Protein chains: 4
Amino acid sequence: MSTTTSPASGTQTLLAAVSAGTRVYDLGRRLSIGMPQSPNHPPFWHALPRRHGDAVRVDGGSAANDIITMGTHVGTHIDAFSHVSQDGRLFDGSDAADAGRGGRFAELGAHTIAPMVRRGVLLDVPAALGTPDGCVPGYEITPQDLTRTAERQGTQVRPGDVVLIRSGWGRLFGDADRTRFVGHDSGVPGVGEAGATWLADQGVHAAGADTIAFECLRPGAGHSVLPAHRVLLVERGVYIIETMALEELAAAGVHEFLFVLSPLAIFGATGSPVRPLAVVVDA
Amino acid sequence: MSTTTSPASGTQTLLAAVSAGTRVYDLGRRLSIGMPQSPNHPPFWHALPRRHGDAVRVDGGSAANDIITMGTHVGTHIDAFSHVSQDGRLFDGSDAADAGRGGRFAELGAHTIAPMVRRGVLLDVPAALGTPDGCVPGYEITPQDLTRTAERQGTQVRPGDVVLIRSGWGRLFGDADRTRFVGHDSGVPGVGEAGATWLADQGVHAAGADTIAFECLRPGAGHSVLPAHRVLLVERGVYIIETMALEELAAAGVHEFLFVLSPLAIFGATGSPVRPLAVVVDA
Amino acid sequence: MSTTTSPASGTQTLLAAVSAGTRVYDLGRRLSIGMPQSPNHPPFWHALPRRHGDAVRVDGGSAANDIITMGTHVGTHIDAFSHVSQDGRLFDGSDAADAGRGGRFAELGAHTIAPMVRRGVLLDVPAALGTPDGCVPGYEITPQDLTRTAERQGTQVRPGDVVLIRSGWGRLFGDADRTRFVGHDSGVPGVGEAGATWLADQGVHAAGADTIAFECLRPGAGHSVLPAHRVLLVERGVYIIETMALEELAAAGVHEFLFVLSPLAIFGATGSPVRPLAVVVDA
Amino acid sequence: MSTTTSPASGTQTLLAAVSAGTRVYDLGRRLSIGMPQSPNHPPFWHALPRRHGDAVRVDGGSAANDIITMGTHVGTHIDAFSHVSQDGRLFDGSDAADAGRGGRFAELGAHTIAPMVRRGVLLDVPAALGTPDGCVPGYEITPQDLTRTAERQGTQVRPGDVVLIRSGWGRLFGDADRTRFVGHDSGVPGVGEAGATWLADQGVHAAGADTIAFECLRPGAGHSVLPAHRVLLVERGVYIIETMALEELAAAGVHEFLFVLSPLAIFGATGSPVRPLAVVVDA
């Protein structure tokens with residue numbers, strides 16, 4: 001088996017690699033009522049308008065269905081470039097207020113995020129820092145931490161990659177006390193301006209983390225300033241993926257994978273809920 | 001380059017196949033206010049609670065965000081096995097009314113649909129029928145049509161595949177008259193009980209179509225009976241994907257591809273909006 | 001019994017008048033899924049997240065509850081002054097875009113509409129026009145029609161009143177064809193600029209009608225221009241109430257009543273669903 | 001001026017009483033994002049899909065509009081008899097699960113609550129208990145407290161009345177710490193089974209309070225058992241109104257008034273947001 005110049009046989013190679021036995025890691029969190037989220041966004045809610053037995057068709061069949069209401073920055077989600085502005089401008093230089101006129105961002109909305117089928121890498125920062133369970137609350141992950149992590153893992157970060165930064169904070173997602181994952185009082189670990197700049201300098205396509213806000217939050221500061229968002233979304237054109245589930249991937253020692261993310265093409269939105277995947281071939 | 005028994009090098013093969021130059025076909029419809037959908041489900045709506053300029057942070061940054069409300073069977077979506085019951089039973093034999101108690105299907109909800117990274121095939125039925133633009137309204141696609149299409153294309157349908165059935169009806173999705181795609185009065189082409197049985201007999205994992213209801217709707221009959229849903233979702237355990245965008249794939253003559261679908265893990269829901277992908281290697 | 005200068009006894013008079021036997025006419029439409037509404041607004045939807053039997057308390061009790069999602073200009077509703085602007089200005093002269101910054105109208109939002117407990121009058125226009133079932137589609141109700149109707153009824157319109165204008169169009173609210181009440185193609189009867197000016201000149205506090213848009217819509221024109229909204233909401237400060245149920249009141253020949261309307265105090269909204277009442281004393 | 005047997009003149013008496021100068025007390029809370037509410041219900045959210053300037057009509061006019069999503073038991077609201085069941089039965093003896101089939105309560109839903117134009121009385125319990133600011137957290141208001149309060153005020157409770165019980169807890173509604181009004185840990189004052197029975201024995205039509213749950217919540221107990229709901233909604237057919245604003249009424253010493261409440265006629269719902277009014281005649 002080999003890659004060739006023929007499209008068909010290239011696809012065959014891909015299918016052969018997959019059929020050889022893939023393992024698909026689910027990097028998304030379950031959407032459920034009451035899950036932790038930022039209070040700045042409309043909460044997730046779900047109900048069944050119709051249940052089985054409500055109305056049975058003449059042939060004995062019945063259908064149940066749903067209603068959901070939510071923000072797009074709750075659960076695992078990706079930020080579109082329309083999400084953040086700096087000094088009144090979006091990534092493309094457009095006037096941010098004008099860009100949203102009409103109640104949707106026609107140019108940089110979630111519908112413009114191309115689906116991603118790319119090389120992905122995991123940077124297991126707390127493993128490299130010697131605190132494998134997780135970084136301490138409010139810890140700022142530095143460029144040095146990122147390079148040290150990559151070296152320790154033997155992982156190269158390449159242009160076009162999607163880089164997922166594990167802080168270990170994801171272990172709190174299911175905590176009975178839902179305020180812990182939000183972490184307003186404690187602070188939350190993540191990269192700061194320097195780390196975001198380092199990521200952009202590597203030419204990455206998107207960066208993800210296992211926290212709500214992706215970046216370092218100081219104790220009590222909340223979302224008062226978000227410099228990594230500015231660097232990535234406004235200045236450098238790097239997508240941000242938040243509230244990811246990275247524990248399983250880290251526990252399996254998987255640091256390199258095919259990363260797949262297919263956002264809902266919500267016209268004009270500032271983000272989309274997603275369920276990203278890490279695909280590896282077992283054999 | 002070759003596949004080996006080492007996990008790492010299997011993944012390398014996969015990544016090499018991808019980096020050789022993939023083409024990703026977007027099989028999902030854009031979610032926008034007013035798009036055609038079944039009136040049985042809560043309509044899609046979107047708004048921006050916050051726009052740029054509403055509140056500017058001390059550092060000159062601002063964030064815009066969204067609220068969405070929708071059913072899960074609007075736009076491109078996948079049906080969970082909890083969606084349909086027959087004679088009061090779901091696919092796993094459970095009592096359908098009991099299964100939904102609490103307002104969510106803990107056992108067969110959308111959160112139980114494993115992400116799909118599989119071989120996918122397109123059956124371009126109208127091309128085989130000699131009416132390449134599309135089947136006539138209300139036309140029932142038969143097992144003979146399906147086998148004839150596969151043969152004409154030189155496509156094998158294999159166990160575990162995801163089979164996408166183009167009827168051509170998707171050309172009406174963007175029609176200014178939104179009732180045309182819904183097709184209540186005209187009827188809509190698709191497989192019937194026989195075609196669904198044929199698909200299940202091939203051992204397919206999921207089946208999709210470019211219409212709202214997947215299956216053949218007779219003129220004026222609407223959703224009064226849905227035998228293909230019964231066969232696939234209740235009797236045979238085959239997922240159904242609806243309102244897909246298949247025109248571009250068909251126009252490109254792509255009949256075999258890596259199919260990727262990652263439903264939102266909405267706890268207990270009967271379905272999920274999705275944006276499925278067809279991945280091929282160009283070179 | 002007499003009114004006196006004592007507060008307590010004034011209230012006693014009121015209570016005595018009420019306890020003597022009131023009749024309360026419900027001027028609101030039932031909110032139900034699929035009811036006719038303007039497609040410009042988020043549709044009404046309702047579901048029961050929890051039903052009885054989902055979770056039973058230790059003492060044998062259970063509670064069911066709801067989720068609703070809707071626009072505020074669906075069903076019977078009142079328009080706040082924030083709803084309409086002219087040449088970029090609201091009724092208070094403020095910049096309309098500025099006023100809505102932050103996603104809510106702090107100054108002229110629905111929460112600023114004082115509850116109404118006022119004299120109300122019904123002007124049964126089609127009865128006066130000799131077409132008691134209703135005005136013809138698209139008919140513009142003129143000031144002459146309004147004065148003629150008031151004279152025929154022996155009704156005085158006084159400053160501070162709430163004036164309800166029956167066009168008879170409300171008979172179509174429950175029509176199986178939901179597009180009839182919306183009336184895009186047919187046009188809808190109502191006052192135009194002249195009628196609105198007449199109402200404002202009488203010093204009325206609010207004006208209502210049995211149609212979605214309150215004012216005359218020409219066949220096929222939809223909501224392209226709404227001069228009565230401009231006159232009443234922007235220039236003169238008169239509230240507008242829409243989609244009212246006036247048939248029962250008209251059939252009973254009730255032309256004068258205590259009008260009660262208590263909008264939901266939705267902070268910053270452009271309107272509110274309401275269920276207005278006409279109260280008369282029977283004996 | 002006198003009441004007569006003529007309907008018209010009865011209404012004249014009513015209008016004269018009103019025009020003599022009414023004062024209308026607003027007993028509803030403002031609906032705003034982030035207000036305190038029970039976590040058991042879908043939170044209130046509001047956004048402006050369209051703002052002024054988004055789209056300007058040819059004549060220089062523009063319209064802004066809203067989307068809201070919420071439970072019906074958030075903010076000031078009334079419970080329909082469908083809200084609570086005991087041992088599987090509703091107030092009318094019907095099977096509670098059957099009654100909600102189809103996702104709506106056709107028989108006892110919010111649409112069946114007749115608008116109220118009735119005598120209302122305020123029982124200012126903490127004033128009578130000598131703790132005028134409010135009852136202590138978790139305090140159970142007894143029948144003795146209620147009779148003592150009525151006697152102290154010189155207020156008679158009569159059949160058909162709406163009785164509003166002030167606990168003083170409403171002062172916490174606007175507290176920066178939103179958990180205080182919910183009061184899970186502290187407990188919340190209110191009547192218990194005995195107080196509810198006393199209310200029903202007086203033949204009252206509805207009972208209201210300034211707390212979320214109406215009834216006494218023990219510290220830490222939350223909504224584990226709600227005996228007053230059982231007595232009033234299931235056994236005796238008395239409506240419950242919650243999260244009322246009673247401080248202004250109490251401060252003014254108004255204990256008797258015309259009570260007006262007009263719930264949204266939400267078909268099949270278990271409750272409705274409301275903005276109840278207390279009307280008194282000043283002179």
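Two strands count as paired if DSSP finds at least two bridges between them. Keep that rule at hand for the first exercise, and remember throughout that this is a predicted model.

## Exercise 1: A strand pair across two chains

**Task.** Find out which strands of chain C and chain D are joined by bridges, and how they run.

**Solution.** 
- Step 1. Start with a residue pair: Gln86(C) stands opposite Gly61(D), which belongs to β3(D).
- Step 2. Now look at the strands. Strand β6 (residues 84-86) of chain C and strand β3 (residues 61-63) of chain D are joined by 3 bridges.
- Step 3. Apply the rule: at least two bridges are needed, and 3 bridges are found here.
- Step 4. Read off the direction: β6 of chain C and β3 of chain D run antiparallel.

## Exercise 2: The interface of chain D and chain C

**Task.** Describe the contact between chain D and chain C: how many residues take part, and what area is buried?

**Solution.** 
- Step 1. Count the residues. Chain D brings 94 residues to the contact and chain C brings 95 residues.
- Step 2. Take the area. About 7,500 Å² is buried between chain D and chain C, and carbon and sulfur atoms give 61% of it.
- Step 3. On the side of chain D, Leu14(D), His52(D) and Arg275(D) supply 10% of the area buried against chain C, more than any other three residues.
- Step 4. Check the polar side of the story.
- Step 5. Ask which element leads. Helix α1 (residues 7-19) of chain D gives 9 residues, the largest share of the side that touches chain C.
- Step 6. Sort by class. That side of chain D has 44 nonpolar, 36 polar and 14 charged residues.

## Exercise 3: The interface of chain A and chain D

**Solution.** 
- Step 1. In this contact, 13 residues of chain A meet 13 residues of chain D.
- Step 2. The two chains bury about 920 Å² between them, with 63% of it on carbon and sulfur atoms.
- Step 3. Salt bridges across the interface of chain A and chain D number 0, and 2 residue pairs are in polar contact, both residues at pLDDT 80 or more.
- Step 4. The side of chain A that touches chain D has 5 nonpolar, 6 polar and 2 charged residues.

## Exercise 4: Covering a helix

**Task.** Decide whether helix α7 (residues 227-236) of chain C is mostly covered or uncovered, and say what its buried residues pack against.

**Solution.** 
- Step 1. Of the 10 residues of α7(C), 8 are buried, so the helix is mostly covered, buried meaning under 20% relative accessible area.
- Step 2. Among the buried residues are His229(C) and Arg230(C), along with Leu232(C) and Leu233(C).
- Step 3. The buried residues of α7(C) pack against β5 (77-79), β6, β10 (190-191), α6 (193-201) and β12 (239-242) of chain C.
- Step 4. After the helix comes Gly237(C), with a positive phi near 70°.

## Exercise 5: Salt bridges

**Task.** The whole structure has 52 salt bridges over all chains. For two of them, work out what each one connects.

**Solution.** 
- Step 1. Asp54(C) forms a salt bridge with Arg51(A), their closest N and O atoms being 2.8 Å apart. Each residue lies in the loop between β2 (45-50) and β3 (61-63), Asp54(C) in chain C and Arg51(A) in chain A, so the pair joins two chains. Both Asp54(C) and Arg51(A) are buried.
- Step 2. Arg166(C) forms a salt bridge with Glu247(C), where the closest N and O atoms are 2.8 Å apart. Arg166(C) lies in strand β9 (residues 162-166) and Glu247(C) in helix α8 (residues 247-251) of chain C, so the pair ties together parts that are 81 residues apart in sequence.
- Step 3. Compare the partners. Arg166(C) counts as buried at 4% relative accessibility, whereas Glu247(C), with a relative accessible area of 23%, is partly exposed.

Technical notes:
Residues numbered from 1 in each chain as written. Chains lettered and ligands numbered in written order. Predicted model: local features only at pLDDT ≥ 70, side-chain atom pairs only at ≥ 80, totals over all residues. Heavy atoms only, no water. Contact = heavy atoms within 4.5 Å. Buried area = accessible area lost by both parts, 1.4 Å probe. Helix = DSSP H or I, 4+ residues; strand = E, 2+ residues; numbered from the N terminus. Nonpolar A, V, L, I, M, F, W, Y, C, P; charged D, E, K, R; others polar. Buried < 20%, exposed > 50% of the residue type's maximum accessible area, 1.4 Å probe, protein only. Salt bridge = Lys/Arg side-chain N within 4 Å of Asp/Glu carboxyl O. Polar contact = N/O pair within 3.5 Å; in protein donor to acceptor, adjacent residues only side chain to side chain.
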